[in-house]
Amino acid sequence: MSKSLEKNLWASAYKALRYLVELHITRIENAVGSGTPDVEGCLNGVQFWWELKVGSVDKKGNVKVSFRPTQIPWLKRRCSVGGKAFAIIKIGRKKFCLPGPALSMFQSGDPVSLDQVRDASICAGDASWADI
């Protein structure tokens with residue numbers, strides 16, 4: 001994803017969430033480590049991580065989203081030890097929140113349909129940032 005699209009996605013999230021007093025959220029600007037997600041937050045005492053992505057759907061209905069080789073393993077590993085780690089994927093006007101283990105579909109090299117992304121998401125595509 002281009003950095004400007006990622007910045008726009010972050011700006012949208014921050015603008016919508018900054019007034020929630022029970023939330024502390026930070027964008028990770030520097031390369032803390034290989035695969036470290038874009039956003040770290042804590043909501044009511046529960047820490048979470050978000051990798052922000054902007055995807056598209058090709059003419060065949062397949063979702064196109066680009067992950068660096070270390071990103072999905074990081075998210076899956078964090079979840080495997082009880083952490084909360086997700087990829088927030090914006091496709092058109094919809095946002096999908098996929099937990100780390102669900103991201104395996106993007107590692108296989110097989111086409112991924114919008115229905116697969118929708119089914120793996122923990123929220124509806126039209127969910128607000130607060131719902132995510």
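## Terms and basis of the model

A residue is called buried when its relative accessible area is under 20%, exposed when that area is over 50%, and partly exposed in between, using a 1.4 Å probe and protein chains only. This is a predicted model, in which local features need pLDDT of at least 70 and side-chain atom pairs count only at pLDDT 80 or more, while totals for chains, interfaces and linings use all residues. Residues are numbered from 1 along each chain as its sequence is written, and side-chain values use heavy atoms, with hydrogens and water left out.

## Aromatic pairs

Rings of Phe, Tyr and Trp (its six-membered ring) pair if their centres lie within 6.5 Å, and planes under 30 degrees apart count as stacked, over 60 as edge-to-face and the rest as tilted. Five aromatic pairs are found in a search of the whole structure. In one of them, the ring centres of Trp10 and Tyr14 are 5.5 Å apart and the planes stand at 35 degrees, so this pair is tilted. Trp10 and Tyr14 are separated by about one helical turn because they are four residues apart in helix H1 (residues 3–17); helices here are DSSP runs of H or I with at least four residues, strands are runs of E with at least two, and both are numbered from the N terminus. Tyr14 is partly exposed, at a relative accessible area of 37%, whereas Trp10, at 13%, counts as buried.

Another tilted pair joins Phe48 and Trp50, with 5.2 Å from centre to centre and 45 degrees between the planes. Both of these residues are buried, and together with Trp129 they form one aromatic cluster.

## Nonpolar cores

A nonpolar core is a set of buried Ala, Val, Leu, Ile, Met, Phe, Trp, Tyr and Cys residues joined through side-chain atoms within 4.5 Å. The largest has 22 residues, of which Phe67, Ile89, Leu98, Leu103, Phe106 and Val117 touch the most other members. Two or more residues of this core come from each of helix H2 (71–80), strand S5 (85–91), strand S6 (94–99) and helix H3 (114–120). A second, separate core of 17 residues includes Leu9, Ile25, Val39 and Ala127.

Lys53, in strand S3, is buried, with a relative accessible area of 5%, and its side chain reaches the backbone oxygen of Ser66 at 2.8 Å. Asn44 lies in the loop between strand S2 (39–43) and strand S3 (46–57), and its relative accessibility of 60% means that Asn44 counts as exposed. Although Asn44 is a residue other than glycine, its phi is positive, near 50 degrees.

Methods
A polar contact is a pair of N or O atoms within 3.5 Å; within protein, one must be able to donate a hydrogen and the other to accept it, and residues adjacent in sequence count only if both atoms are side-chain atoms.
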